[in-house]
Amino acid sequence: MMVSIIVPVYNVENYLAKCLDSLINQSLQEIEIIVVDDGSKDGSGLIIEEYARKFPEKIKAFIKENGGLSDARNFGLEKASGKYIGFVDSDDYVTETMFEEMMQLAEKHNAKMVICNIQKVDQNGKITQKLTQIPHLSEKIVLEDHFSVFSDLSYFACNKLFKKELFNHKRFKKGVHFEDIQLIPQLLLECEVLAQTQNFHYQYLERTDSITKTHTEKGLDILKAVKDVESAFEKSGYSHKRKELKNFQIFEGVYSFLAYVAFVKSEETFNTMADELTVFMQERKINIQDILSYSRFGKNYLLSLPVKKKIFYLLFFAGQKKLIRKML
């Protein structure tokens with residue numbers, strides 16, 4: 001078995017069949033699809049049973065009490081027998097050749113992590129956004145030579161293939177949001193070589209009922225995730241790469257956090273989270289000039305943002321909370 005694909009499932013009866021169809025039709029034959037029903041209350045369980053019955057050689061189905069996304073992924077990791085691990089969210093789908101190409105790249109370059117590009121799609125399958133991951137680097141990436149990847153990369157779990165050994169002593173953190181930001185950078189710190197394809201293999205469905213549309217104080221988990229990564233960074237073989245660490249703190253801890261906070265409706269929650277960010281920046285000696293001059297892929301990040309986001313960030317950095325609330 002070369003690749004184990006872990007699919008956590010919770011109340012996705014309207015999307016699950018399309019996801020599973022894209023996996024059973026993979027061009028790579030040496031795969032197992034580990035479907036973990038995380039205590040679904042809708043018809044998802046029946047759909048899983050049907051697919052497991054039709055495709056017993058590919059699908060391994062499990063049911064567990066609801067414990068959240070991290071818990072379901074960790075459960076799947078315990079059941080996985082593949083040399084490589086992939087994660088697919090149960091409302092998304094992938095291209096037919098995704099895991100064959102990524103596995104071949106891992107073998108070719110002896111890479112512990114392989115990355116592909118993502119397309120956001122709406123519920124009609126229309127492409128709404130293309131997310132190119134590392135456009136300026138080649139197929140093989142030696143981290144010591146190109147450690148800017150650490151601060152440039154989008155830390156989704158679902159568009160990556162991992163060598164299983166990366167999870168020997170690591171698991172997704174339970175009971176938190178933004179578990180990918182917490183774990184995937186730590187896994188990257190265990191790698192010497194990455195590989196990538198510029199193909200847009202992963203199709204990310206933008207759902208109107210998605211958890212990411214509910215913006216609450218849970219967003220503070222982003223800052224907690226960054227703190228966990230900082231601890232791993234200091235123990236890693238890349239601990240001398242201070243510039244890249246600071247850029248990671250700015251990208252994930254400041255810009256990503258603010259992108260979330262921008263949609264918080266409660267004024268009290270907004271103010272609490274804004275205060276937490278201020279403390280985060282002070283503790284790391286991140287000043288306004290650092291943030292405004294931060295570049296990603298060689299371009300000033302702030303200048304590349306849409307106008308409304310740019311205005312929001314500038315108002316925030318200037319401490320204009322009242323103007324921000326009016327804007328929102």
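**Entry 1: two helices.** I began with α7 and α8, which are roughly antiparallel to each other, because angles over 145 degrees count that way. I am working from a predicted model, so I keep that in mind throughout. The axes of α7 (residues 221-235) and α8 cross at roughly 170° and come within 10 Å.

Next I looked up who meets whom. On the α7 side I found Ile-222, Val-226 and Phe-233 among the residues in contact, and on the α8 side Leu-245, Phe-248 and Tyr-260 are included. Sorted by class, the contact of α7 with α8 holds nine nonpolar, three polar and four charged residues.

**Entry 2: the cores.** Which residues have the most contacts inside the largest nonpolar core? I noted Phe-150, Phe-167, Leu-188 and Tyr-255, in a core of 69 residues. Helix α8 (residues 242-261) gives this core its largest share, 10 residues. Apart from it I found another core, of 42 residues, with Val-12, Tyr-15, Val-35 and Ala-195 among them.

I then followed Leu-188. Leaving out residues up to four places away in sequence, Leu-188 touches Met-113, Leu-143, Phe-147, Val-149, Phe-150, Leu-153, Tyr-155 and Leu-194.

**Entry 3: the sheet.** I traced an open sheet of eight strands with mixed pairing, in the order β3-β2-β1-β4-β10-β6-β11-β9. At its edges stand β3 (59-63) and β9 (140-142); each has a single partner strand, so one side of each is left without a neighbour in the sheet. From one strand to the next, the twist averages 20°.

Finally I zoomed in on β1 (residues 3-9) and β4 (residues 84-87), which run parallel and are joined by four bridges. There I saw Ile-5 opposite Gly-86 in β4.

Conventions. Residues are numbered from 1 along each chain as its sequence is written. This is a predicted model: local features need pLDDT of at least 70, side-chain atom pairs count only at pLDDT 80 or more; totals for chains, interfaces and linings use all residues. Side-chain values use heavy atoms; hydrogens and water are left out. A nonpolar core is a set of buried Ala, Val, Leu, Ile, Met, Phe, Trp, Tyr and Cys residues joined through side-chain atoms within 4.5 Å. Buried means under 20% relative accessible area, exposed over 50%, partly exposed in between (1.4 Å probe, protein chains only). Contact means heavy atoms within 4.5 Å. Two strands pair if DSSP finds at least two bridges between them. Axes are lines fitted to C-alpha atoms, for helices over the stretch in contact, and angles run from 0 to 180 degrees between N-to-C directions. Angles under 35 degrees count as roughly parallel, over 145 as roughly antiparallel, 65 to 115 as roughly perpendicular and the rest as oblique. Ala, Val, Leu, Ile, Met, Phe, Trp, Tyr, Cys and Pro count as nonpolar, Asp, Glu, Lys and Arg as charged, and the others, Gly among them, as polar.
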